[in-house]
Amino acid sequence: MSAALKYTLGRIGLFIAVLAGLWLIDMNVFLKLMLALVFSAALSFFLLRGWRDEMAGEIAEAAERRRTEKERLRSALAGEDHPTQTPDPQTPDSPR
């Protein structure tokens, strides 16, 4: 399971748990929803730190891969991309 999905489901679960706790209190539904949002955000800051850090690491890795691929494509379009394989002189199929 991806870290982003795990973190998102954790945030939703915290929101529902806090909302269920607030549902027992007699107040406006809109106020209950707003309080549940604020309290679940505060709780997730502390309780879901590991999942958040894991998700941030995955996002950083993906951004680095995209940046590297973008640089490779730009250099290929500029004509700076050279083949990295050279023929091996000891193989029978290579030209001499």
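Phe 45 is partly exposed, with a relative accessible area of 44%, where buried means under 20% relative accessible area, exposed over 50% and partly exposed in between, computed with a 1.4 Å probe on protein chains only. This is a predicted model, in which local features need pLDDT of at least 70 and side-chain atom pairs count only at pLDDT 80 or more, while totals for chains, interfaces and linings use all residues. Residues are numbered from 1 along each chain as its sequence is written, and side-chain values use heavy atoms, with hydrogens and water left out.

**Overall make-up**

- The secondary structure comes to three helices and zero strands (DSSP runs numbered from the N terminus, helices being H or I of at least four residues and strands E of at least two), and from the N terminus on the elements run α-α-α.
- Of the 96 residues in the protein, 17% are buried.
- Among contacts (heavy atoms within 4.5 Å) between residues at least 6 apart in sequence, 52% join residues at least 24 apart.

**Helix α2**

**Aromatic rings and charges**

- The structure holds one aromatic pair (ring centres within 6.5 Å for Phe, Tyr and the six-membered ring of Trp, with planes under 30 degrees apart stacked, over 60 edge-to-face and the rest tilted).
- The pair is formed by Phe 45 and Phe 46, whose ring centres are 5.2 Å apart and whose planes stand at 85°, so the pair is edge-to-face.
- Within this pair, Phe 46 is exposed, with a relative accessible area of 59%, whereas Phe 45 is partly exposed.
- Arg 49 lies over the face of Phe 45, at 5.7 Å from the ring centre (NZ of Lys or CZ of Arg within 6 Å of the ring centre and within 35 degrees of the ring normal).

**Helix α3**

- Helix α3 has 29 residues and reaches 42 Å from its first C-alpha to its last, close to the 42 Å expected at 1.5 Å a residue.
- Arg 52, Met 55 and Ala 62 are buried in α3, and the buried residues of this helix pack against α1 and α2.
- Gly 79 follows α3 and has a positive phi, near 85°.

**Ala 3 in helix α1**

- Ala 3 has its place in helix α1 and counts as buried, at 0% relative accessibility.
- Leaving aside neighbours within four places in sequence, Ala 3 is in contact with Trp 51, Glu 54, Met 55 and Glu 58; among these, Met 55 is itself buried in α3.
- Ala 3 and Gly 50 lie 47 residues apart in sequence, while their C-alpha atoms are 9.7 Å apart in space.

Note on methods:
Expected span 1.5 Å × (residues − 1).
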